[in-house]
Amino acid sequence: MNKPNVILICVDEWRGDCLGAEGHPYVQTPHLDELAAKGARFRHAYSATPTCVPARVALFTGQSQERHGRVGYEEGVKFDDVHPVTLAGEFGRAGYQTQAIGKLHVYPERNRVGFDEVILHDGFLHHARKEHRRDFKFFDDYVPWLRRQPGVSADEEYFDHGAGCNSTVARPWDKAERLHPTSWTGSQAVEWLYRRDPTVPFFLYLSFHRPHPPYDPPSWAMDMYLDLPAFERRLGDWEHHYESVRTNGNHQLSFGTLAPAVTHRARAGYYGLMTQIDLQLMRVFEALNEFDLADDTIIAFTSDHGEMLGDHDFYRKAVGYEGSARVPLIVMPAPNDPAAQRGGVVDEVVELRDIMPTLLELAGVPIPESCDGKSLARFVRESPSASSDPEPWREWLHGEHVYFGQSLQWVTDGHVKYLWASEWGTEELFDLDADPGEFHNLAPLPEHAGLLKLWKERLIADLTGREEGFVHHGELVTGAPVVTMLSHARALAQK
């Protein structure tokens with residue numbers, strides 16, 4: 001049997017609940033819903049370090065933050081020096097043609113991280129090397145393409161409309177829809193299918209910058225969601241823990257309040273970008289059919305992290321709450337795979353680092369020892385290796401991120417979640433089955449002392465021995481110094 005093709009679709013900042021298949025009351029994603037019906041959907045998928053850079057390191061290396069070392073957001077770390085074994089590199093070694101289209105968010109910007117070729121649009125100026133910051137040709141392929149289009153000026157930028165890359169300000173796209181970065185990414189994927197080498201299987205990493213801000217979908221897509229019920233502020237009984245970092249009214253805020261009309265429009269722009277991506281994916285899926293590739297292609301869909309979108313007065317990401325840390329994950333084995341399971345919904349807790357070993361196993365490619373993620377193949381296909389008494393799945397997942405001047409730590413199995421802030425010492429405990437919106441903090445309630453003890457001990461087990469000194473004599477220690485990159489990764493990066 002020939003090796004299957006593999007497509008990994010990664011979007012940016014897409015919440016785990018924002019799929020029609022998840023029962024979202026408003027978001028329309030018909031083509032992703034169909035993909036879920038042909039494969040498996042993971043209800044409790046998380047990004048353990050929920051911002052762009054560390055999340056993508058986990059995705060590309062199959063490693064936990066304890067192993068890859070990125071425990072916060074830090075630019076300027078040379079990728080290959082720290083992470084020599086990658087998903088693309090392993091597919092390449094197995095004879096695959098490997099291609100990335102869209103966002104990578106690695107350093108240097110043109111690092112191929114194991115791919116044969118990269119067609120790049122990271123969507124940011126602020127992380128490019130300072131000397132290249134205004135010269136897109138060094139770190140972007142989309143903007144130079146845009147400037148070559150008829151009727152577009154030679155100094156055009158894709159956010160000339162004024163909506164920023166970390167802003168809640170939303171407005172419709174100001175140019176022809178075919179010029180939108182989302183449309184460009186879809187078009188590049190279809191065009192690449194014409195240019196690929198048909199004599200070998202391919203691994204395509206298709207990475208959309210949206211629905212990350214700017215919230216700038218085409219007018220039709222934003223209009224779909226402007227008539228939703230007005231945004232209503234919803235708070236739990238624990239947000240006072242964050243009062244010291246509140247910045248009300250700031251359009252780039254992380255925690256605070258905005259005028260309800262601003263969040264309402266941001267939500268319409270965010271949902272509109274999702275529907276636009278869904279339609280572009282239909283183009284790619286149809287192209288696979290036209291090239292007679294659909295039956296022999298594995299497809300996975302996920303995001304690097306979510307978006308709080310006003311939940312509990314939070315915006316953006318980096319925190320361990322569901323809106324930020326939970327991500328969509330769909331894995332569809334090749335349709336001609338006789339062992340594939342269809343339409344499954346998986347309850348186990350999984351993470352971005354599990355995607356690399358999953359795709360490699362489904363394609364019959366060896367999983368490198370550097371991975372500490374776990375293959376999800378047992379959940380998406382009935383194979384001898386998966387059915388013969390597989391090892392127990394993980395009991396819980398450990399996540400973290402340096403934010404607000406401290407390390408925000410959390411552990412969950414998708415049903416219960418415990419969170420601890422290293423500087424403040426604040427604790428939250430949620431029953432996610434009874435309280436999926438995380439409104440009621442059970443940590444201070446005496447009747448939940450046993451549950452609190454269990455989950456606190458799990459976090460202590462994960463943090464014992466860490467260089468920051470989060471644990472001393474078996475207890476969590478507040479005020480420990482924080483780092484954005486653990487020493488083993490930092491030492492390699494400085495060589």
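Of the 54 residues in the largest nonpolar core, Trp14, Tyr271, Leu281 and Phe301 touch the most other members. Helix α9 gives the most to this core, with 12 residues. The model is predicted.

**Exercise 1.** Find which residues Tyr271 touches, leaving out residues up to four places away in sequence.

*Solution.* Start at Tyr271. Its contacts include Cys18, His24, Tyr26 and Val27. Next, look for another core. A second, separate core has 47 residues, among them Phe79, Phe91, Met356 and Leu376.

**Exercise 2.** Decide how helices α1 and α9 are oriented to each other.

*Solution.* Step one: locate the helices. α1 covers residues 30-38 and α9 covers residues 260-290. Step two: take the angle. Their axes come within 7 Å and cross at roughly 55°. Step three: classify. Roughly parallel needs an angle under 35 degrees, and roughly perpendicular runs from 65 to 115. α1 and α9 are therefore oblique to each other. Step four: list the contact. Pro30, His31, Leu32 and Leu35 in α1 meet Asp278, Leu279, Leu281, Met282 and Phe285 in α9. Sort these residues: seven are nonpolar, one is polar and one is charged.

**Exercise 3.** Compare the span of helix α14 with the expected one, then find what its buried residues pack against.

*Solution.* α14 (residues 449-463) has 15 residues. From first C-alpha to last it reaches 21 Å, close to the 21 Å expected at 1.5 Å a residue. Its buried residues are Leu452, Trp455, Arg458, Leu459, Ile460 and Leu463. They pack against β9, β10, β11, β12, β13 and β14. After α14 comes Gly465, with a positive phi near 90°.

Methods: Residues are numbered from 1 along each chain as its sequence is written. This is a predicted model: local features need pLDDT of at least 70, side-chain atom pairs count only at pLDDT 80 or more; totals for chains, interfaces and linings use all residues. Side-chain values use heavy atoms; hydrogens and water are left out. Axes are lines fitted to C-alpha atoms, for helices over the stretch in contact, and angles run from 0 to 180 degrees between N-to-C directions. Helices (H or I, at least four residues) and strands (E, at least two) are DSSP runs, numbered from the N terminus. Angles under 35 degrees count as roughly parallel, over 145 as roughly antiparallel, 65 to 115 as roughly perpendicular and the rest as oblique. Contact means heavy atoms within 4.5 Å. Ala, Val, Leu, Ile, Met, Phe, Trp, Tyr, Cys and Pro count as nonpolar, Asp, Glu, Lys and Arg as charged, and the others, Gly among them, as polar. A nonpolar core is a set of buried Ala, Val, Leu, Ile, Met, Phe, Trp, Tyr and Cys residues joined through side-chain atoms within 4.5 Å. Buried means under 20% relative accessible area, exposed over 50%, partly exposed in between (1.4 Å probe, protein chains only). The expected span of a helix is 1.5 Å times one less than its number of residues.
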